[in-house]
Amino acid sequence: MVSMLLSFFTTYLLTPRIIDFFNAAKIVAIDLHKKDKPKLPTSGGICVASGILVGILFYVGAKTFSPPFSPDLQNNFIPMLELLAVIASILIVTLSGLLDDLNVRTRAVKTKDGVNVKIGFPQWVKPLLTLPGAIPLMVIRAGFTKMALPFIGVVDFAILYPLLIIPIGFIGASNIVNMLGGFNGLEAGMGVVYTSSLGLYALINNRTEAAILLFTASVALLAFLRYNWYPAKILSGDSLTYLLGSLIAAGVIIGDMQRAGLIVMLPFIIEFALKARSRFKASCIGKLREDGKLDPPYGKKIYSWTHVLMNLDKLHERDVTITLIFIQVFFAALPFLGI
């Protein structure tokens, strides 16, 4: 509980100062769903990562040094080692996202409404950015090599698990979460739901360290939402989406709950399939109307969850965010229904 409180208040108190710092440093991006196209500080993943770091390090320290001291630390050694590896992975991926937010090696493009924006790394580079984050989990052989596969049963992947399954899962999760965003409060709002859901699932199944990791992230995201909710004072940026994807991958791996993770993250898997139809060139962003509502950017063509919603009705940005959060709530409840 203390680690979660520290995570919440660290993010809550640090975010306004990071907002000021990013504004002064011109680390900003255009909020495209606003009429005046304001430039807001971006890369909110730094705020959330700071809260998670403080919370998890406190938990590790408390478990290691709280009395009664045992001469045999083996029982605590492996779980604490896994959490420290997760921290290393998260920080690596967050740094990669920050580099993308800084628009290293950018090229200027113009949207259909004439707004000049910058885009970061090409799409094919993004998986390579997240690959180093998998290395700490691979080195310590985190997780369990046996997995229950549909129609096959339990398979022991042995050495292939750390060398193949972990990097594939880590890169996949980091990048599919990065595909759905661009609306105030969307990334953090959905993140609160799926981290809380998987945290509760881990707790019920006695995966304590995975539960602590996911709950600590959940409260940090809740604190960040205070500044990221519509109208946002800071944008999420790739640093947050990469962070969230890597966090879910790490929590699923150390908690041995791959099936629950896949079910809860189905909205992002569906988003991946929709984006694949456009060869990953489509954007989630809508076309802003004079009345503040959003039109689908590609007409009746559907390349994202956001396009589905904008085709169903003329919605404001906040409406799209709230609807997608409720969709995430539905999928987050499925593992508890025995599905």
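This is a tour of one predicted model, stop by stop, with what to select at each point.

Local features are reported at pLDDT of at least 70 and side-chain atom pairs only at pLDDT 80 or more, while totals for chains, interfaces and linings use all residues. Residues are numbered from 1 along each chain as its sequence is written, and side-chain values use heavy atoms, with hydrogens and water left out.

**Whole chain**

Start with the protein chain in a cartoon view. Its secondary structure comes to 12 helices and eight strands; helices (H or I, at least four residues) and strands (E, at least two) are DSSP runs, numbered from the N terminus. Of the 339 residues, 51% are buried. Buried means under 20% relative accessible area, exposed over 50%, and partly exposed in between (1.4 Å probe, protein chains only).

Switch to a surface. The accessible surface is about 16100 Å², and 67% of that belongs to carbon and sulfur atoms. Areas come from the Shrake-Rupley method with a 1.4 Å probe; for residues, only the protein chains shown count as cover. Among contacts (heavy atoms within 4.5 Å) between residues at least 6 apart in sequence, 71% join residues at least 24 apart.

**The nonpolar core**

Select Ile52, Leu137, Tyr194, Leu213 and Leu324. These are the residues with the most contacts inside the largest nonpolar core, which has 85 residues. Helix 7 (residues 208-228) gives the most to this core, with 13 residues. A nonpolar core here is a set of buried Ala, Val, Leu, Ile, Met, Phe, Trp, Tyr and Cys residues joined through side-chain atoms within 4.5 Å.

Keep Leu137 on screen and show its surroundings. Not counting residues up to four places away in sequence, Leu137 touches Ala85, Val86, Ser89, Ala142, Ile166, Phe170, Ala250 and Ile253.

Leu137 is one of the buried residues of helix 4, along with Lys126, Leu129, Thr130, Gly133, Ala134 and Pro136. Look along the axis of this helix: it bends by about 30 degrees at Gly133, and Pro136 follows within four residues. The bend at a residue is the angle between axes fitted to the seven residues ending there and the seven starting there.

Next, select Arg141, in the loop between helix 4 (126-139) and strand 5 (146-149). Its phi is near 55 degrees, a positive value in a residue other than glycine. Arg141 is exposed, at a relative accessible area of 57%.

Move to Tyr161 in helix 5 (residues 160-177). Its relative accessible area is 2%, so Tyr161 is buried. Beyond its neighbours within four places in sequence, Tyr161 is in contact with Ala142, Gly143, Phe144, Thr145, Met147, Ile166, Ile253 and Gln258.

Apart from residues up to four places away in sequence, Asn175 touches Lys126, Pro127, Thr130 and Tyr242.

**Asp101**

Go to Asp101 in helix 3 (residues 74-101). Asp101 counts as buried, at 10% relative accessibility. Its side chain reaches the backbone nitrogen of Asp238 at 2.7 Å. Leaving aside neighbours within four places in sequence, the contacts of Asp101 are Thr42, Ser43, Gly237, Asp238 and Ser239.

**Backbone and cysteine checks**

Select Tyr230 and Pro231. The peptide bond from Tyr230 to Pro231 is cis, with omega near -10 degrees, and Pro231 sits in the loop between helix 7 and helix 8 (237-255).

Then select Lys26, in the loop between helix 1 (2-25) and strand 1 (28-30). Lys26 has a positive phi of about 60 degrees although it is not a glycine, and it is exposed at 66% relative accessible area.

Finish with Cys47 and Cys284. Cys47 is buried at 0% relative accessible area, and Cys284 counts as buried at 5%. The structure holds zero disulfides (pairs of cysteine sulfur atoms within 2.5 Å).

Notes
Polar contact = N/O pair within 3.5 Å; in protein donor to acceptor, adjacent residues only side chain to side chain.
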